[in-house]
Amino acid sequence: MTNFFIGNQYIGVQRWECLATPPHIYVGATFPKSSFATTFDRENIDKKHPIDLTFNFPIPYITCMEDVKGSEYLQKIKEALKSKEFQSYTSPQRPYIIKFAELKSLSNIESCFPYNKDFGNTLKKIALQEFNVENIKSLCIGEVIFKGFTTSMDVPSNGLFINEPTSSEKLIYIRSLTYGVSAYFIVASEAPYKEVLTAFKDSFMDDYNNPKGVLHNSKIILLTTSDINQEAEVKATFNDLNNFLKNPFMGGKIYGYPIYCTGFYVKNNKIFTRES
């Protein structure tokens, strides 16, 4: 695996005791191998050479980051979003990932989020509060990911650091960040899982609006995360899910939060994988 999915590791839930913990990351940020794509702590802040950033809009936006640090990177994002190149970009309308799975019980939710047990536990608590478990025949969990633009860097020809750190063989720098939005939901139904799945494969809103539809009496808990604070909003209707699917980036008003990253070794610019 070279493109690390980090879209649910740090998300929290609004108005619940589940705090978001978005790490301070940016293209060019450098971390020890042990914390890369996990805690992202112990950043190496030694002085770096200027780097060229590319935003992969249909007409790419290219800019130079003279001072390689987080505040400068955020400034570069602001400039990119105001650029004429950004006007060539339209937010994706088709999900990059849709996953669906049956849950045997609500206690299985936590295992769906191995890198963010707090989030899984909170989703379970919300479901226990909102669902009447007695009449439930099936439970399922869904994940929807929309992938937006990617920001990446060129490697300076004379190396990333002005003075190469002594431990450079164990340092990984962020070569690219991909932004996006996510939704996680639980559906509780009086119908069997296969029927719920079929309803979602067809037009789920038609099924929901049909008094005889499988989803008509089903319940949903939906958590959508769409900005840099990574705090999920809690929603509770199929209409909310439909609105998210139709307009995930709110008409281009938002660009999401980091959902994927790639890392390269400082020492030799080889790509970092979980195995390596």
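Which residues have the most contacts inside the largest nonpolar core? Select Phe36, Phe40 and Tyr73; the core around them has 39 residues. A nonpolar core here is a set of buried Ala, Val, Leu, Ile, Met, Phe, Trp, Tyr and Cys residues joined through side-chain atoms within 4.5 Å. Buried means under 20% relative accessible area, exposed over 50%, partly exposed in between (1.4 Å probe, protein chains only).

This is a predicted model: local features need pLDDT of at least 70, side-chain atom pairs count only at pLDDT 80 or more, and totals for chains, interfaces and linings use all residues. Residues are numbered from 1 along each chain as its sequence is written, and side-chain values use heavy atoms, leaving out hydrogens and water.

Now colour strand 8 (171–189). Strand 8 gives the largest share of the core, six residues. Helices (H or I, at least four residues) and strands (E, at least two) are DSSP runs, numbered from the N terminus.

Zoom in on Tyr73. Its contacts (heavy atoms within 4.5 Å) include Leu53, Met65 and Leu177, not counting residues up to four places away in sequence.

Next, select Val13, Ile109, Leu123 and Leu223. They belong to a second, separate core of 25 residues.

Move to helix 3 (residues 193–201). Tyr193, Val196, Ala199 and Phe200 are its buried residues.

Finish at Ser91, in the loop between helix 1 (70–81) and strand 6 (97–103). Ser91 counts as buried because its relative accessibility is 16%.
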